[in-house]
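This briefing sets out the fold, the disulfide, a pocket and several individual residues of one protein model. Please read it alongside the sequence and coordinates shown here.

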Amino acid sequence: MKAVTLLLAAAAFGVQANHDEHESHGHGAHEHGHGHLNLVLDGNQLMIELLAPAADLVGFEHAAKTDAEKAQYAKAMAQLKQPDTLFRLDPAAGCSLTQQELNAPKDDHDHDKADGAKDEHHHEDGHADMGAMYTYTCATPAKLSGLEATLFTVYPSLEKLSVQGILPSGQTAAELTPSAYKLSW
């Protein structure tokens, strides 16, 4: 439970810092191609939260209307349910996924409630964010010294990830890109 509190604190800090930074430039915090990754390593638990514009993860930000859009939305939700294709952790740490929660704009069907999607995350200007939170339990957390963000190959329009983390050694912040996708701590 301590990790949940820490992750929420990191996420709240990141949202406020990002909001303040963009407010001075006259923009909202929503920027296509730019996602956010928050992580907390507490004891043997690793929590990773991914948040990105729906345009980068799905290809559009409105409710899916056509059959093609519904298929695209379903594919995006399926991809978010496979964190091993989005992130690579050191196998020596023995981390296994114990929980995941998807946060996505709803399509126009009721089945999205069953797949874990939550209420829509729309900005006033019509932009939508989506993402997921993953919780891992690691057998040997001391051997976990970083992660690789392999999601850039899954979501090619995603150009960068702003990372904030709380680790046993302290806080970390970084920016990951398709060519610099490894985070070490």
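The points below move from the whole chain to single sites.

The model is predicted: local features require pLDDT of at least 70, side-chain atom pairs count only at pLDDT 80 or more, and totals for chains, interfaces and linings use all residues. Residues are numbered from 1 along each chain as its sequence is written, and side-chain values use heavy atoms, with hydrogens and water left out.

**Overall architecture**

- The protein contains four helices and nine strands; helices (H or I, at least four residues) and strands (E, at least two) are DSSP runs numbered from the N terminus.
- Along the sequence, these elements follow the order α-β-β-α-α-β-β-β-β-α-β-β-β.
- Of the 185 residues, 42% count as buried; buried means under 20% relative accessible area, exposed over 50%, and partly exposed in between (1.4 Å probe, protein chains only).
- Among contacts with a separation of 6 or more, 68% join residues 24 or more positions apart; a contact means heavy atoms within 4.5 Å.
- The protein exposes about 9,500 Å², of which carbon and sulfur atoms supply 53%; accessible areas come from the Shrake-Rupley method with a 1.4 Å probe, and for residues only the protein chains shown count as cover.

**Disulfide**

- The bond joins Cys 95 and Cys 138, with the sulfur atoms 2.1 Å apart.
- Cys 95 lies in strand E4 (residues 95–103) and Cys 138 in strand E5 (residues 129–138), so the pair ties together parts that are 43 residues apart in sequence.
- The torsion about the S-S bond of Cys 95 and Cys 138 is about 105 degrees, so the disulfide is right-handed.
- Cys 95 is partly exposed, at 22% relative accessible area, whereas Cys 138 is buried, at 2%.

**Second largest pocket**

- The second largest pocket holds about 170 Å³ of space; a volume is the space filled by probe spheres set on grid points, which are joined across faces, edges and corners.
- On a 1 Å grid over the protein atoms alone, a pocket is an open set of points where a 1.4 Å probe fits, with protein on both sides within 12 Å along at least five of seven lines, and lining residues have an atom within 4 Å of a point.

**Buried strand residues**

- Leu 46, in strand E2 (residues 45–53), is buried at 0% relative accessibility.
- Leu 46 and Thr 135 are 89 residues apart in sequence, yet their C-alpha atoms are 5.8 Å apart.
- Beyond its neighbours within four places in sequence, Leu 46 contacts several residues, among them Leu 89, Tyr 136 and Cys 138.
- His 34, in strand E1 (residues 34–42), is buried with a relative accessible area of 9%.
- A C-alpha distance of 5.0 Å separates His 34 from Lys 160, 126 residues away along the chain.
- Not counting residues up to four places away in sequence, His 34 touches Pro 53, Asp 56, Leu 158, Lys 160 and Ser 162.
- Leu 183 belongs to strand E9 (residues 182–184) and is buried at 5% relative accessibility.
- Leu 183 and Ser 145 are 38 residues apart in sequence and 8.5 Å apart from C-alpha to C-alpha.
- With neighbours within four places set aside, the contacts of Leu 183 include Leu 39, Ser 145, Val 163 and Leu 176.

**Loop residues**

- Thr 150 occupies the loop between strand E6 (146–149) and helix H4 (151–154) and is buried at 12% relative accessibility.
- A polar atom of the Thr 150 side chain lies 3.3 Å from the backbone nitrogen of Phe 87.
- Apart from neighbours within four places in sequence, Thr 150 is in contact with Thr 85, Leu 86, Phe 87 and Arg 88.
- Ala 92 sits in the loop between E3 and E4 and is partly exposed at 41% relative accessibility.
- Ala 92 and Pro 141 are 49 residues apart in sequence, with their C-alpha atoms 8.8 Å apart.
- Ala 92 touches Thr 140 and Lys 143, leaving out residues up to four places away in sequence.

Notes: A disulfide is a pair of cysteine sulfur atoms within 2.5 Å. A polar contact is a pair of N or O atoms within 3.5 Å; within protein, one must be able to donate a hydrogen and the other to accept it, and residues adjacent in sequence count only if both atoms are side-chain atoms.
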